[in-house]
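Hi there,

Here is the structure I promised to pass on. Have a look at it first, and my notes follow below.

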Amino acid sequence: VSKYFGWAFSSTVRENMLSILRPSVKTVNPVWQSVRFKQKEKVMKKFLIYRYDPEKPAQKPRMQPYEVDVSDCGPMVLDALIKIKNEQDPTLTFRRSCREGICGSCAMSMEGHNWLACTRAISKASKVTKIYPLPHMYIVKDLVPDLNNLYAQYRWIEPYLKKKDFGDDKLGEKVFMQTIKQREKVDGLYECILCFCCAGGCPSYWWNADKYLGPAVLLQAYRWMIDSRDDATYDRLKQMQNDWSTYRCHTIMNCTETCPKYLNPGKAIGEIKKMLLYYNSYKNKLPMNEQIESTYER
């Protein structure tokens with residue numbers, strides 16, 4: 001302190017000032033500390049985790065047990081998985097990223113329910129927690145499913161605004177405006193994070209994953225169909241005019257029950273079916289810029 005202020009302090013004054021600038025751990029408000037440090041006794045929890053290594057073809061898929069002290073662990077299943085990987089088994093493989101329920105990477109089946117591991121609390125009711133990858137999907141390794149087919153289907157619906165008579169050379173020239181009511185139509189749709197918990201819980205998708213688009217992709221397709229700024233509603237609906245893309249949905253509603261964002265893919269699919277009944281009526285839909293101009297002329 002005396003170095004910066006040029007004053008000569010006694011050792012007692014210096015110690016007092018340093019104690020103010022750097023308070024000891026004892027003076028820290030205990031509310032700031034994590035609750036887990038207050039637990040003195042160990043609370044052991046058993047996890048049974050699905051293991052599969054494609055590099056070891058002689059070894060069949062199995063359920064491997066792990067014991068975790070949940071008193072020294074975060075409250076979510078993902079915290080337990082990270083603790084197991086860091087302290088017990090570095091070969092355990094799973095996807096994770098944001099830890100906030102936003103990226104959708106850590107989707108898996110826990111205790112028979114598809115959810116995000118980062119937002120699924122460790123169950124206190126059961127002695128054993130069983131963890132599997134998303135069901136009825138090819139497995140890359142352990143808890144990592146192969147999502148290539150789902151992303152190929154997502155690419156097929158062209159999930160972006162499509163404009164008529166509007167090329168890249170015109171970007172930035174106009175603003176595509178919406179009314180409040182038009183904007184409200186995409187609420188409950190744009191929040192989808194493509195975790196594919198719904199696809200993993202859909203029996204129709206289990207049976208026909210190569211042809212049926214599944215609830216996640218169809219919800220995204222409907223999001224662009226009803227966007228007032230999009231000019232390709234007719235083309236999008238015409239693309240769905242086949243026996244498999246949409247009509248394999250049997251309204252089982254597992255998709256809605258298992259969505260960690262509390263969305264309703266089943267309802268979105270039903271709305272697409274209603275639009276398909278009169279899809280020819282969208283053939284003469286005015287482009288967005290013409291709609292705005294006609295509105296101003298009135």
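How many nonpolar, polar and charged residues does the lining of the second largest pocket have, by class? Four are nonpolar, four are polar and two are charged. Please keep in mind that this is a predicted model. The pocket holds about 250 Å³ of space, and ten residues line it. Nearest its centre lie Lys185, Met225, Ile226, Ser228 and Lys285. As a reminder of the idea behind such a search, rolling a probe the size of a water molecule over the atoms shows where empty space is left.

The largest nonpolar core has 65 residues, and Ile49, Leu81 and Ile131 touch the most other members. Helix α8 (residues 215–225) gives this core its largest share, seven residues.

In strand β5 (residues 128–132), Thr129 and Ile131 form the covered face, while Val128, Lys130 and Tyr132 form the uncovered one. Strand β1 (residues 44–51) pairs with β5 in the parallel sense over four bridges, and Ile49 has Ile131 as its bridge partner in β5. β3 pairs with β5 too, in the antiparallel sense over two bridges. Here Met110 has Ile131 as its bridge partner.

Most residues other than glycine have a negative phi. Arg99, which is not a glycine, has a positive phi of about 65°. Arg99 sits in the loop between α3 (77–87) and β3 (107–110). Asp142, not a glycine either, has a positive phi of about 50°, and its place is in the loop between β6 (139–141) and β7 (144–145).

Are these two residues buried or exposed, or something in between? Arg99 has a relative accessible area of 40%, so it counts as partly exposed. Asp142 is buried, because its relative accessibility is 1% and the cut-off for buried is under 20%.

Key
Residues numbered from 1 in each chain as written. Predicted model: local features only at pLDDT ≥ 70, side-chain atom pairs only at ≥ 80, totals over all residues. Heavy atoms only, no water. Core = buried A, V, L, I, M, F, W, Y, C linked by side-chain atoms within 4.5 Å. Buried < 20%, exposed > 50% of the residue type's maximum accessible area, 1.4 Å probe, protein only. 1 Å grid on protein atoms, 1.4 Å probe; cavity = no way out; pocket = protein on both sides within 12 Å on 5 of 7 lines; lining within 4 Å. Points joined across faces, edges and corners; volume = space filled by probe spheres on them. Nonpolar A, V, L, I, M, F, W, Y, C, P; charged D, E, K, R; others polar. Pairing = 2+ DSSP bridges.
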